[in-house]
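Me: I would like to go through this model with you and ask, point by point, what each description rests on.

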Amino acid sequence: MKTTIDASGRLVIPKEIRRQAGLEPGMSLDVRFCNGRIELEPESTPVRLEREGRFLVIVPEGPVEVLTSDMVEATRQAILDERGEIC
């Protein structure tokens with residue numbers, strides 16, 4: 001897919017790429033220039049470590065999407081498909 005940058009430096013990311021990457025309006029992105037490429041990545045959720053008994057656990061400092069078993073299974077299946085593995 002091709003796109004252009006306007007005079008203000010704005011870039012329109014095609015809808016299908018936004019959908020595949022899970023990008024939504026208003027989402028913060030990290031932008032890097034690396035090895036001749038411009039890379040965009042959704043900004044990481046800030047977290048802190050808290051001790052629970054003898055364990056350290058990561059606690060998000062903002063709202064996070066609830067992870068469902070369907071999401072886990074879809075991700076697991078996508079990884080297996082990518083690797084060409086059959087389960």
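Me: What makes up the accessible surface of the protein chain in this predicted model?
Reply: The accessible surface comes to about 8200 Å², and 55% of that area belongs to carbon and sulfur atoms.

Me: How many of the 87 residues count as buried, and what does the word require?
Reply: A residue is called buried when its relative accessible area is under 20%, and by that cut-off 6% of the 87 residues of the protein chain qualify.

Me: Which elements does the protein chain have, and in what order do they run?
Reply: There are two helices and four strands, and from the N terminus on they run α-β-β-β-β-α.

Me: Why is the protein chain called more spread out than a compact globule?
Reply: The globule rule gives 12 Å for 87 residues, whereas the radius of gyration is 18 Å, which is well over that value, so the protein chain is described as more spread out than a compact globule. Its C-alpha atoms fill a box of roughly 55 × 35 × 25 Å along the principal axes.

Me: How do you know that strand S1 and strand S2 pair, and which way do they run?
Reply: Pairing requires at least two bridges between the strands, and six bridges join S1 (residues 29-34) to S2 (residues 37-42), so the two count as paired, and they run antiparallel. Within this pair, Leu 29 stands opposite Pro 42 in S2.

Me: What lies between S1 and S2 in the hairpin?
Reply: Two residues lie between these strands, and Asn 35 in the turn has a positive phi of about 55 degrees.

Note on methods: Residues numbered from 1 in each chain as written. Predicted model: local features only at pLDDT ≥ 70, side-chain atom pairs only at ≥ 80, totals over all residues. Heavy atoms only, no water. Rg over C-alpha atoms; globule rule 2.2 N^0.38 Å. Buried < 20%, exposed > 50% of the residue type's maximum accessible area, 1.4 Å probe, protein only. Areas by Shrake-Rupley, 256 points an atom, 1.4 Å probe, with all protein chains shown as cover.
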